[in-house]
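Let us take a walk through this protein together, one piece at a time. Keep the structure in view as you read.

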Amino acid sequence: MPDNHGPKASIEGVSEQHKPTVTVFGDGQLARMMQPAAAELDIHLRLLASEPGKSATQVIPDVVLGDYHDYDVLVKAAEGADAVTFEHEHVPTEHVRALIDASYNVQPQPSALLYAQDKLLMRQKLSELGAPVPRFAAIESVEDAREFAALVDGHVCLKARRGGYDGHGVWFPSAEELEPLVEELLAADTALMAEEKVALTRELSVLVARRPSGEVKAWPVTESVQRDGICAEAFAPAPNLSPELAEHAMQVGVQVATELGVTGVLAVELFAFAAEQDAGDIIASASGAPGAHIREDIAVNELAMRPHNTGHWTQDGCVTSQFEQHLRAVLDLPLGSTKPLAPITVMANVLGAEQDPGMPMPHRVREVMERYPEAKIHLYGKNHQAGRKIGHVNVVGDDVDETRRIAHDAAHFLVHAQWA
């Protein structure tokens with residue numbers, strides 16, 4: 001008779017082995033999308049969540065509820081974890097330093113994270129490193145704003161130094177609006193900086209991952225399309241990007257990750273603009289990008305030290321997704337290949353419509369599945385809210401126009417319950 005005790009004992013032995021535990025401070029879709037990768041690698045995820053029912057708590061059972069401003073709550077969530085990481089940049093720096101002093105393995109560390117938390121410090125540091133940045137200045141008075149506007153011929157982008165996202169905390173005032181706006185924001189204790197508004201040809205991002213022992217890998221440069229300050233679409237690799245500029249962008253990403261000591265995924269958002277001698281000769285491609293013969297320059301816009309919206313395409317268009325790579329990196333595991341799986345991957349965000357359609361979301365999903373079986377749908381478990389990110393669609397293909405059409409059409413139906 002077969003010996004049934006052998007296999008059973010073996011399975012029990014595996015289940016009793018230590019599983020790496022990663023605590024994630026945050027409860028949104030970025031934490032949620034780490035779970036499939038964690039399950040495949042047998043990594044145990046724990047969340048610090050603000051309340052039950054949030055996006056990530058629906059799929060990750062180990063949850064500590066509390067306020068990330070409370071240090072004791074952070075300690076409770078970090079207890080026993082092999083690594084502690086973030087899905088947003090808002091945990092107080094002093095608390096993160098205290099966790100490190102208490103011997104918790106926090107990745108990325110505050111020495112790097114502060115440059116994602118404070119836009120002025122980021123600009124100053126990148127300028128010191130020689131990375132390309134627009135002209136900028138701290139704005140501590142109306143006079144500071146007046147002087148900077150004169151310096152850049154009125155091309156002013158005003159930013160809150162901390163806390164802005166998805167277009168919040170960013171203003172493009174006219175000459176008449178600038179001084180009253182600065183006076184109003186400073187009176188409300190909003191720390192401000194200003195930078196020169198550049199003549200965009202498109203927005204790019206380069207995602208890199210770095211682990212504590214120093215290994216760094218970059219994904220192909222991505223082009224994003226922004227609407228109302230929110231990423232609406234992403235194309236990877238960025239269409240019609242010269243090999244020289246692609247290499248330069250990836251070098252900037254690797255340099256920033258290395259020089260700042262970033263661990264985990266780093267997204268470097270970039271402005272692309274036509275070189276001065278080519279500024280009048282821009283030909284649009286299908287994605288809105290300039291033609292390949294146009295010489296472009298780049299400047300760093302923002303840094304995000306976590307998985308990023310412009311990297312969602314990696315879930316279905318790349319050997320290693322940004323979510324798996326982030327977990328590998330914070331645990332100091334060897335990084336995976338960043339090779340793309342298709343000539344083009346298009347990601348289209350699903351944003352809440354002004355009015356939520358009567359058709360239930362599961363029915364909309366079924367309709368998209370039937371029409372576009374090649375579309376990969378990722379939903380976040382969020383209730384409808386106008387303009388809110390509630391999911392995204394990834395489509396891989398050979399042709400930019402056709403791949404974009406399918407991704408856009410699928411996302412449009414998920415939003416409106418109508419075909420575009």
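This is a predicted model: local features need pLDDT of at least 70, side-chain atom pairs count only at pLDDT 80 or more; totals for chains, interfaces and linings use all residues.

To see how β7 is attached, look at strand β6 (residues 156-160): 2 bridges join β6 to β7, and the two run antiparallel. Leu158 has Trp171 in β7 as its bridge partner.

Now let us turn to some annotated residues. In an unreviewed UniProt entry, the annotation "binding site" covers several residues, among them Lys159, Glu195, Glu203 and Asn301. Glu195 belongs to strand β8 (residues 192-196). Is Glu195 buried or exposed? Its relative accessibility is 2%, and because buried means under 20%, Glu195 counts as buried. Leaving aside residues up to four places away in sequence, Glu195 touches residues including Arg123, Phe148, Lys159 and Asn301. With Arg123 there is also a polar contact, side chain to side chain, at 2.6 Å.

Asn301 sits in strand β14, which spans residues 296-304. With a relative accessibility of 7%, Asn301 counts as buried. Again not counting residues up to four places away in sequence, the residues that Asn301 touches include Lys159, Glu195 and Glu203.

Our last stop is strand β12, made of residues 230-236. Why can β12 be called largely enclosed by the rest of the structure? The reason is that 7 of the 7 residues of β12 are buried, so the strand is largely enclosed. Strand β11 (residues 222-227) runs antiparallel to β12, and 5 bridges join the two. Here Val225 stands opposite Glu233 in β12. The hairpin of β11 and β12 has 2 residues between the strands, and in this hairpin Asp228 takes a positive phi near 55°. Strand β12 is also joined by 4 bridges to strand β15 (residues 344-351), again in an antiparallel arrangement. There, Phe235 has Val346 in β15 as its bridge partner.

Note on methods:
Residues are numbered from 1 along each chain as its sequence is written. Side-chain values use heavy atoms; hydrogens and water are left out. Buried means under 20% relative accessible area, exposed over 50%, partly exposed in between (1.4 Å probe, protein chains only). Two strands pair if DSSP finds at least two bridges between them. UniProt positions are given in the numbering used here, feature names are shortened, and annotations may be inferred rather than shown by experiment. Contact means heavy atoms within 4.5 Å. A polar contact is a pair of N or O atoms within 3.5 Å; within protein, one must be able to donate a hydrogen and the other to accept it, and residues adjacent in sequence count only if both atoms are side-chain atoms.
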